[in-house]
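Subject: Structure handover

Hi there,

Here is the structure I promised to pass on to you. Please open it next to this email, and I will walk you through what turned up.

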Amino acid sequence: MLAFIGTPENLQRLESIRTNNLALVNGSAGTRGLPVIVWLSYNVHGNESSSTEASLLTLHTLADPNNQQVNNWLKNTVIIMDPCINPDGRDRYVNWYNSMAGDQFNPDPNVREHAEPWPGGRSNHYYFDLNRDWAWQTQEETRQRMKMYNQWMPQVHVDFHEQSINGPYYFAPAAQPYHEVITKWQRDFQQQIGKNNARYFDKNGWLFYTKQRYDLLYPSYGDTYPTYNGAIGMTYEQAGGGRAGLGIIKADGDTLTLVDRALHHHTTGLSTIEVSSANQEKLLKEFSQFFDDARKGQGAEYKTYVLTTSDASKLNALKDLLLRNEINFGAVSNSNFKGYQYFSGKEENFVNEGYHIAISGTQTRSVLARVLFEPTTVVTDSNTYDITAWAMPFVYGIKCYGVKEKLDIRAEEQPAAITAINDGYGLLIPYTSFQSGRVLAALMKKNIKVRFAEKPFTYQTKEYPRGTLVVIATGNPTGWHQLTQDICRQHQVQPVGVETGFMDKGIDFGSPEMKVVLPDVKVAMVSGDPTVSLSAGEIWHFFERQLNYPISLINATDMPRASLKNIQVLILPDGNYRAWANDKGMMEKLKEFVRNGGKIIALKSAISLMATAGDWGIRMKDDKSSDKGEYAALKKYGDAEFENASSSVEGAIYKVELDNTHPLAFGYPNFYYTLKQNGPQYDFLRDGWNVGVIKKDGYQSGFVGALVKNKLKDVLSMGVQEFGAGQVVYFAENPLFRNFWENGKLLFVNAVFLTGR
Ligand SMILES: [Zn+2]
């Protein structure tokens, strides 16, 4: 739901303003007669409740026909207002708050109306942080909003937030690090807006700060994403987020009310419109210049990115992302070139692996393309708020060449349609990307018996690697052949027909190494306190909206009583399970479940539970801090921030060596790139399968604090421990990170369906 605010004349010609503004982006028209477009977004975090209240107040002011000042602004300014980006989160918070507060609000910070229960209202329905999703667009709210955003392309965008109650208010200019693509103009104008906001805050005696905490690097925020798309993108942070209710006593003894909070956001909103209106011409000119420079590829090392893989589905997933971000791609006409090969880190001749796409670094959206594709992000300051590495080739597991020349790019040929196969003995389904995982889940839901090869085989001179899915008549209902093909076609995966179970080389279909996927696998996940809601949400969303396979959520508090009899796979999301570690009954219950053939999948800190209690065979890595000398304990108070950074890894890319003969790594080459974040590290399993490990030279890109860097060597990334009749699958990193880490998704499918058969 958007509100458009303008003079009657501008509202009448709104569609022509929109198309002319897009022509400005595309370089096909000038700025003449165009208003500046200011887009105000509120309440992306649902429990930061003052922003939607502020949007109403601001709308009221802007709609007042007698307000001369506003009338003047609207002459050259069109405002687009999104009053609530995250309606589900806001509902969750507001309904909860209203049910907690009494007749009068209680400002004592200790009372229950200031202590939101799990999962809190910050995230959306599936517990995703929508302010981390702008570029990836995994969530429905983002997808719908971005369609509108791309049709409008504002010159100024503000994302209204709330921070801790003692904040007090933050506005632009942003903190370091800034991504190096951010232009001088974008930096300067942040300053101008900040000074105008400060004028009003000073006048009212309201406190604020600038240039601290909120940096401009990670591309999926409501400030950076618009910035990488030519706008002045900003975050405004009012004190109060998630706790303040109608009023709360702050550390300085004053009471902060909802009215105060809304008033501050109202003030900065109007101030932003004022300063944008006053700079309309310059804003439009610089905005247009931004895209002109983008089309020249100004400042970019690589003028073309070429990606290649033997798997069409992998490339399709990446194409979806590019399309959602309006980044154009095509095919190279001449494949005789050299480029920086991301996986080897060397300059190499291009080798086409079967399918490829080329992305021009000299297109309208090349700045965003560069941010998403450059192999290493330059980080000028280590104190950042989020992950520092996200290069798409690592995220999608697709080989990429960064090419310094501008290559000739033509339109892609239409991909070959999935061809039908006559009835026969069986069907082979290649197992090389998450798309094959989706096919598997769909077959399982239709009760089709699916086999998978634990050893490679050759049929009609073609070799089929481990993991290849096999569907044959045995054990399957009539119509299995057509049904299997239909499912493959729906997922754009080409099956191969076979006429016999006798293979030219390797295992035959009756071989003991041709395993059957357990039918009707029932998956459950622990949720609620003490799980991390974002982690639980990622898994929930993964099953429901991506894999389309049912999952049951069980509250952790109900686990002691819950029957696990009909469950085959139990997932423990990231979380702090310390209470269970001290609960012998609970630990015995989990062990019993595994001993009897169940499977536990434990993520990140959930593994600590097994490492600290019950002797499961996994151990934390010894935290032997190296000898730093006798004065190591003498730290300088003023350096605390720096000290924190040096012992943290917010998110960096590491290479994992994979044992792809183990089913957990089927469908992968012998390596995988993972996102390493803060959290405990684990030793190699002594008595289990170390399927993925980070060795001494595993570091790839992103900021890693000096103190942590040493510890991130020779650690377990993923492994499988057999225990009685069941197993425990460990993921020390999150393979489903924000559900945009595309190449981790098949690992999760393997963990659920293939391991332990
Ligand atoms: Zn926020």
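Strand E29 (residues 599–603) is largely enclosed by the rest of the structure, because 5 of its 5 residues are buried. Please keep in mind that this is a predicted model. In a regular strand, side chains alternate between the two faces of the sheet. For E29, both faces are covered: Lys599, Ile601 and Leu603 are buried on one side, and Ile600 and Ala602 are buried on the other.

E29 also has strand partners. Strand E28 (residues 569–572) runs parallel to E29 and is joined to it by 4 bridges. Strand E35 (residues 726–731) is parallel to E29 too, with 5 bridges between them.

Next, the aromatic rings. How many aromatic pairs does a search of the whole structure find? The search gives 55. One of them is the stacked pair of Tyr93 and Tyr97, with 6.1 Å centre to centre and 25° between the planes. These two tyrosines are 4 residues apart in helix H5 (residues 87–100), so about one helical turn separates them. Tyr93 is buried at a relative accessible area of 2%, and Tyr97 counts as buried at 5% relative accessibility.

Tyr302 and Tyr340 form another pair; their ring centres lie 6.4 Å apart and their planes meet at 20°, so this pair is stacked. Here the pair links distant parts of the chain, 38 residues apart: Tyr302 is in the loop between helix H10 (280–296) and strand E11 (304–309), while Tyr340 belongs to strand E13 (residues 338–341). Both Tyr302 and Tyr340 are buried. They are also part of a cluster linked by ring pairs, together with Tyr305, Tyr342, Phe343, Phe373, Phe394, Phe671 and Tyr673.

Two lysines are worth a look while you have the rings displayed. Lys709 lies over the face of Tyr699, 4.1 Å from the ring centre. The charged end of Lys462 sits over the ring of Tyr464, at 5.3 Å from its centre.

Finally, some backbone details. Most residues other than glycine have a negative phi, and most peptide bonds are trans. Which peptide bond has omega near 0°? That is the cis bond from Trp118 to Pro119, and Pro119 lies in the loop between H5 and helix H6 (140–152). The bond from Asp529 to Pro530 is cis as well, with omega near 5°. You will find Pro530 in the loop between strand E26 (523–527) and helix H16 (533–547).

As for phi, Met153 is not a glycine, yet its phi is positive at about 50°. This residue lies in the loop between H6 and strand E4 (156–163). Is Met153 buried or exposed? Met153 is buried, with a relative accessible area of 0%. Asp714 likewise has a positive phi, near 50°, in a residue other than glycine; it is found in the loop between helix H21 (706–709) and strand E34 (715–723).

Best wishes

Key. Residues are numbered from 1 along each chain as its sequence is written. This is a predicted model: local features need pLDDT of at least 70, side-chain atom pairs count only at pLDDT 80 or more; totals for chains, interfaces and linings use all residues. Side-chain values use heavy atoms; hydrogens and water are left out. Rings of Phe, Tyr and Trp (its six-membered ring) pair if their centres lie within 6.5 Å; planes under 30 degrees apart count as stacked, over 60 as edge-to-face and the rest as tilted. Buried means under 20% relative accessible area, exposed over 50%, partly exposed in between (1.4 Å probe, protein chains only). A charge sits over a ring if NZ of Lys or CZ of Arg is within 6 Å of the ring centre and within 35 degrees of the ring normal. Two strands pair if DSSP finds at least two bridges between them.
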